[in-house]
Amino acid sequence: MPKVVITGGAGFIGSNLAEAMVNSGWAVTAIDDLSFGSLNNLESIKKDSNFQFVKSDICQSGALDDACKDTQCLVHLAAYKIPRYGGALKTLNINNDGTRAALECASKYGLKFILASTSDVYGKNANPPFKEGDNLVLGPPFIRRWAYAVSKAFDEQLAMAYYDERELPIVILRFFGSYGPHNHRTWWGGPQAVFIEQALQNHSLSVHGDGRQTRSFCYVSDTVRGIKSAIETDRAIGEIINIGSINEISIEELARKVIVLADSKSEIEFIAYEQFGGRYEDVRNRVPDLAKAKRLLRFEPKISLDQGLTRTIEWHKRFARMSD
Ligand SMILES: NC(=O)c1ccc[n+]([C@@H]2O[C@H](COP(=O)([O-])OP(=O)(O)OC[C@H]3O[C@@H](n4cnc5c(N)ncnc54)[C@H](O)[C@@H]3O)[C@@H](O)[C@H]2O)c1
């Protein structure tokens, strides 16, 4: 039976991927320090004989090394995201030390290595839709949001160096706004997670800035199909590939859609960027070019935003009932 190790396997994308891989006949080991992940996310597979969970910090222990023995593929998802409210050190350190540790393990055991990168690396590039060869236009270091993009750009370069100099079969996937069940229910999980929580409680939906910034959102089962395809095919080795949806929506429109789908009485409150602390720079438009994903991974998202949000709202409601 083929085996995959997933770092960050108790997190949002990791737990959905773990479930999909177990259901497709793979043995799966998920490693997570539970800093943001939760064992609740693994409820459906935790008793499966082909699934193993290891609680460990990937930067600090030999647990990752142990898990990588007798394995075909390492999917590296463990990371810290945009430090929107806190400091940048964890994002910079974990994303760099963790990725180096994961690459070393993959190299030691000759595993295929899938790196989770992000649309944030396109930064302030003003010419969407973004192709994988486009320039990464990042802001200055005194704006801490860029710590995330810088750390992931470094990770990408590091993975490419292992591919070039150590012949490690790597694939870099740049995810664009994945959402769905198991997403963190705070800003860590993205704007849709916060909007759904606020709408279900009939609180105002906090839209940052003027709300006219646009994003594209990809339901997690689609994101997971992209990752699974990258695990299973050799066509993508040595490549960087966008994974997301081409349907752009403004953040204000997203908030209004959530209010309707959640049947909520909430209104929208616009919050100036200065109000949430520190200097901040937002990205105006963000949408991927998916030609390469289609060609190499046969990837095309299938779930519409309305379908995906409806399912996600149901999950948030179930979660709220479980916590009562
Ligand atoms: N969700 C998205 O829309 C999105 C978009 C772009 C990129 N990504 C990338 O995809 C990956 C997964 O994102 P996610 O949304 O599932 O995030 P998540 O926070 O839900 O999952 C990351 C997991 O990594 C774990 N983790 C963090 N530091 C660790 C450490 N030192 N050792 C072990 N585990 C650690 C956390 O506990 C968490 O469970 C990340 O690399 C992220 O940067 C996600």
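Here are some questions and answers for a first walk through this predicted model.

Residues are numbered from 1 along each chain as its sequence is written. As the model is predicted, local features need pLDDT of at least 70 and side-chain atom pairs count only at pLDDT 80 or more, while totals for chains, interfaces and linings use all residues.

Q: In what order do the seven strands of the open sheet lie?
A: Strands here are DSSP runs (E, at least two residues), helices are DSSP runs too (H or I, at least four), and both are numbered from the N terminus. Two strands pair if DSSP finds at least two bridges between them. The pairing in this sheet is parallel, and the order is S3-S2-S1-S4-S5-S6-S11.

Q: Which are the edge strands?
A: An edge strand of this sheet pairs on one side only. The two that do so are strand S3 (51-55) and strand S11 (239-243).

Q: Which residue of S5 is the bridge partner of leucine 74?
A: S4 has parallel partners that include S1, joined to S4 by four bridges. In that pair, valine 4 has cysteine 73 of S4 as its bridge partner. S4 and S5 are also parallel, with four bridges. There, the bridge partner of leucine 74 is phenylalanine 113.

Q: Are the residues on the two faces of S4 buried or exposed?
A: A residue is buried if 20 or more other C-beta atoms lie within 10 Å of its own, exposed if 12 or fewer, and partly exposed in between, with C-beta atoms placed from the backbone. Cys73 and Val75 are on one side of S4, and Leu74 and His76 are on the other. Both faces are covered, and these four residues are all buried.

Q: Why is H1 described as largely enclosed by the rest of the structure?
A: The buried residues of H1 include Phe12, Leu17 and Met21. Their cover includes S1, S2, S3, S4, strand S7 (178-179) and H6. H1 is called largely enclosed because its buried residues number 10 of the 12.

Q: How far does H4 reach from its first C-alpha to its last?
A: The expected span of a helix is 1.5 Å times one less than its number of residues. Helix H4 (residues 146-166) has 21 residues, for which 30 Å is expected. Its reach is close to that, at 29 Å.

Q: Against which elements do the buried residues of H4 pack?
A: Contact between two residues means that their C-beta atoms, placed from the backbone, lie within 7 Å. The buried residues of H4 include Trp146, Tyr148 and Val150. They pack against H3, S5, S6 and S11.

Q: At what angle do the axes of H5 and H7 cross?
A: Axes are lines fitted to C-alpha atoms, for helices over the stretch in contact, and angles run from 0 to 180 degrees between N-to-C directions. The axes of helix H5 (residues 191-200) and helix H7 (residues 251-261) come within 9 Å. Among the residues making the contact are Phe195 of H5 and Leu254 of H7. The axes cross at roughly 40 degrees.

Q: Is glutamate 167 buried or exposed?
A: Glutamate 167 lies in the loop between H4 and S6. Its phi is positive, about 55 degrees, although it is not a glycine. Because it has 11 C-beta neighbours inside 10 Å, glutamate 167 counts as exposed.

Q: Is histidine 182 buried or exposed?
A: Histidine 182 is in the loop between S7 and H5. It is not a glycine, yet it has a positive phi of about 80 degrees. Because it has 24 C-beta neighbours inside 10 Å, histidine 182 counts as buried.
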